[in-house]
Amino acid sequence: LSPFFAPSILIVPFFEELYYRGFLYGTLRRLAGVPIAFAIVSLWFGAIHVPQLFGNWAAVVTVTTMGCVFTYLRQRYDSTVPAIAAHLAYNG
């Protein structure tokens, strides 16, 4: 196990969720409404992972779908905590 792998599984989801589902989703939801914020944040989350997953388009679709799940959790529970927990579980 790489010394960088384990911390990234635990740290990266926390910061990604705070940015995408906390800051970005919260801001866009206020400015544009739930459907537009949901679409932008979920697609942006998937798009940002394209360089990492380049060539594996099934993985890009999976990550984008998980972005939808995380965004749904954020909207449903009005909190980033469920999205962070789901993201940690997915990465684990």
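This is a predicted model: local features need pLDDT of at least 70, side-chain atom pairs count only at pLDDT 80 or more; totals for chains, interfaces and linings use all residues.
Local features require pLDDT of at least 70, side-chain atom pairs count only at pLDDT 80 or more, and totals for chains, interfaces and linings use all residues. Residues are numbered from 1 along each chain as its sequence is written, and side-chain values use heavy atoms, with hydrogens and water left out.

**Exercise 1.** Determine which residues of helix 5 are buried and where they lie around the axis.

*Solution.* Helices are DSSP runs (H or I, at least four residues), numbered from the N terminus. Buried means under 20% relative accessible area, exposed over 50%, and partly exposed in between (1.4 Å probe, protein chains only). In helix 5 (residues 81-91), Ala83, Ile84 and His87 are buried. They lie on the same side of helix 5 because they cover an arc of only 100° around the axis, taken from the directions from the helix axis to the C-beta atoms. The face turned away from this buried side carries the exposed residues Val81 and Ala89.

**Exercise 2.** Identify the helices against which the buried residues of helix 5 pack.

*Solution.* Contact means heavy atoms within 4.5 Å. The partners are helix 1 (5-32), helix 2 (34-48) and helix 4 (57-77).

**Exercise 3.** Describe the surroundings of Glu17.

*Solution.* First, Glu17 is located in helix 1. Second, Glu17 counts as buried because its relative accessibility is 0%. Third, with neighbours within four places in sequence left aside, Glu17 contacts Gly22, Phe70, Thr80, Ala83, Ile84 and His87. Finally, Glu17 and Arg74 are separated by 57 residues in sequence and by 9.2 Å in space, C-alpha to C-alpha.

Note on methods
Helices (H or I, at least four residues) and strands (E, at least two) are DSSP runs, numbered from the N terminus.
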